Every structure is written in C-alpha cells, then in structure tokens.
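Good morning, colleagues. Please look at the structure on the screen while I speak about its charged side-chain pairs.

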Amino acid sequence: MTDDAKRAVDIISARESYMRAALAEADRAAALGEIPVGAVVIRGGSIIARAHNRCRIDCDPTAHAEIIALREAARARGDWRLAGCALYVTLEPCPMCAGAIALARLDEVWYGAPDTRQGCCGSVYRITEDRALGVFVPANGGLLADECAARLSAFMSAVRKK
C-alpha cells in the first residue's frame, strides 16, 4: 500500500472513530428519553466537545446536540469562532443548527443519517454552503449512515409503541 493510500485509510478510520463518539452521545440521549442525536467537535485530531440532545430535560427547544457541542467547543477554545474545527453529528442538522454551524465558521461538518424533512446540510437546503451568508462550511453526509439511522428508527418505533 502506498503512503497516500495509508493516509486515506487513516483519515477514514479517524472519521469513523469520531462518528462513533457521536453515536455514543446519541445513546446517552436515548437513555434519557431524548431523540438520539449526538455530536462531537474535533480540533487537531482530538475531541474538544461532546453533547447529545437535551431539549426535554432542559425544557429548551435550542438544546440540540449540535448547539450544545458548539457552545462547549467555543468555551474550550475561548473564542466563538471555531475555525480549525470539525463537527460530527449523527443526524443531518436542522435549519437552526446549520445556521449556528455557519456562524461558528467550522471547517467542515460530517453527518450520519440524512433528514429528508428538515435537513439543511444537503437534503432540503444547504445553509452551511450558502455563500450569501458570507461563509462556506462544507457538509458531508452518509458517514455510518445506517448505524445512525438505526438508532433513530429504534427510538421512534419504541415511542410509537407507547
């Protein structure tokens, strides 16, 4: 295997590892009765923030995993601008979260399951990639999508049974 091929394998492995950390956060959300969405913020190959949905627990409609992770990352860095950071989230961000991602000036977003109803990183709209906002944060979907979608499907199925 060439050095370039090894680097590519290492990058893919790292991305999957970050998404697995986000999946662990999604599991924490589900255990609390929250919609199982988890997120982590990466800088320099390390997780600097992690979060899961807390809307019901916090009685806060803005307590999405992405928003909480961005807040924690900004505090950790001491700056609201998160250039040099990447967000990994198990579900494609909604309009609110996509707007926050763009405003935070992340380098990139990786998400697992697409959200065909309100996803704003490619499925319905591309807020993070809309140059009219003055920023461009590339969004990449489908990373461990089946695992991410399975968490959501299992949770929603259990909710419907109640």
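By salt bridge I mean a side-chain nitrogen of Lys or Arg within 4 Å of a carboxyl oxygen of Asp or Glu. This is a predicted model, in which local features need pLDDT of at least 70 and side-chain atom pairs count only at pLDDT 80 or more, while totals for chains, interfaces and linings use all residues. Residues are numbered from 1 along each chain as its sequence is written, and side-chain values use heavy atoms, with hydrogens and water left out.

I begin with D27 and R151, whose side chains form a salt bridge at 2.6 Å, N to O. The two residues lie 124 positions apart in the chain, D27 in helix α1 and R151 in helix α5. Helices here are DSSP runs (H or I, at least four residues), numbered from the N terminus.

How accessible are these residues? D27 has a relative accessible area of 34% and is partly exposed; R151, at 26%, is also partly exposed. That class lies between buried, under 20% relative accessible area, and exposed, over 50%, using a 1.4 Å probe and protein chains only.

I turn next to R20 and E147, which meet in a salt bridge of 2.7 Å, N to O. This pair again links distant parts of the chain: R20 belongs to helix α1 (residues 3-31) and E147 to helix α5 (residues 145-161), 127 residues apart. R20 is partly exposed at 39% relative accessibility, and E147 is partly exposed at 29%.

Another pair is R126 with E129, where the closest N and O atoms are 3.0 Å apart. R126 is partly exposed, at 38% relative accessibility.

How many salt bridges does a search of the whole structure find? The search finds six.
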